[in-house]
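Work through the exercises below with the sequence and the model side by side, and try each task on your own before you read its solution.

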Amino acid sequence: MLNLVSILIGLVTLVLGLVAFIPLLGWMNWLVIPIGIVGAAVGALSSSSGGRNLNIILIIIFALRLSLGGGII
């Protein structure tokens, strides 16, 4: 059950993160990354690793996008 919750959090993170790829909306990555961290934590409590892995991949992608945009110096 926790894996399903983690996947749902990951899907919300993905949708919000795709919006953050639009120019001038890169600041949304500061909101998306913590949501992904919560999803990864919920996925870590699960017996399956699918949701955790999804959230970790999303965190890496959006952190890279944030660093390329100058949000992390």
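The exercises go from the whole chain to single residues.

This is a predicted model, in which local features need pLDDT of at least 70 and side-chain atom pairs count only at pLDDT 80 or more, while totals for chains, interfaces and linings use all residues. Residues are numbered from 1 along each chain as its sequence is written, and side-chain values use heavy atoms, with hydrogens and water left out.

**Exercise 1. The whole chain**

Find how many helices and strands the protein chain has, and decide whether its radius of gyration agrees or disagrees with that of a compact globule.

Solution. Begin with the secondary structure, where helices (H or I, at least four residues) and strands (E, at least two) are DSSP runs numbered from the N terminus. The protein chain has three helices and zero strands, and reading along the sequence gives the pattern α-α-α.

Next, turn to the size of the chain. The radius of gyration is taken over C-alpha atoms, and the globule rule is 2.2 Å times the number of residues to the power 0.38. For 73 residues a compact globule would have a value near 11 Å, and the protein chain has 12 Å, which agrees. Along the principal axes, the C-alpha atoms fill a box of roughly 40 × 20 × 15 Å.

Finally, consider contacts, which means heavy atoms within 4.5 Å. Among contacts between residues at least 6 apart in sequence, 67% join residues at least 24 apart.

**Exercise 2. Inside the chain**

Determine what share of the residues is buried, and name the residues of the largest nonpolar core.

Then look for the core, a set of buried Ala, Val, Leu, Ile, Met, Phe, Trp, Tyr and Cys residues joined through side-chain atoms within 4.5 Å. The largest nonpolar core has seven residues, namely Val32, Ile33, Ala40, Leu58, Ile59, Phe62 and Leu66. Helices α2 (29-45) and α3 each supply at least two residues of this core, and α3 gives the most, with four residues. In soluble globular proteins, nonpolar side chains tend to be buried together.

**Exercise 3. On the surface**

Identify which residues form a nonpolar patch on the surface, and say which element gives the largest share of the patch.

Solution. Accessible areas come from the Shrake-Rupley method with a 1.4 Å probe, and for residues only the protein chains shown count as cover. The protein chain exposes about 4,400 Å², of which carbon and sulfur atoms supply 82%.

The patch consists of Met1, Leu4, Val5, Ile7, Leu8, Leu11, Leu14, Leu18, Phe21, Ile57 and Ile61, which together have about 1,000 Å² of accessible area. Two or more residues of the patch come from each of α1 (2-20) and α3 (50-68), and the largest share, seven residues, comes from α1.

**Exercise 4. A loop residue and a buried asparagine**

State where Leu24 is found, and list which residues Asn29 touches beyond four places in sequence.

Solution. Leu24 is found in the loop between α1 and α2, and it counts as exposed because its relative accessibility is 80%. Its phi is near 75°, a positive value in a residue other than glycine. Most residues other than glycine have a negative phi.

Asn29 lies in helix α2 and counts as buried, since its relative accessibility is 0%. Not counting residues up to four places away in sequence, Asn29 touches Ala20, Pro34, Phe62, Arg65 and Leu66.

How values were computed:
Patches are made of residues with over 30% relative accessible area and no salt bridge: like charges are joined within 9 Å, nonpolar side chains (Val, Leu, Ile, Met, Phe, Trp, Tyr) within 5 Å. A salt bridge is a side-chain nitrogen of Lys or Arg within 4 Å of a carboxyl oxygen of Asp or Glu. Buried means under 20% relative accessible area, exposed over 50%, partly exposed in between (1.4 Å probe, protein chains only).
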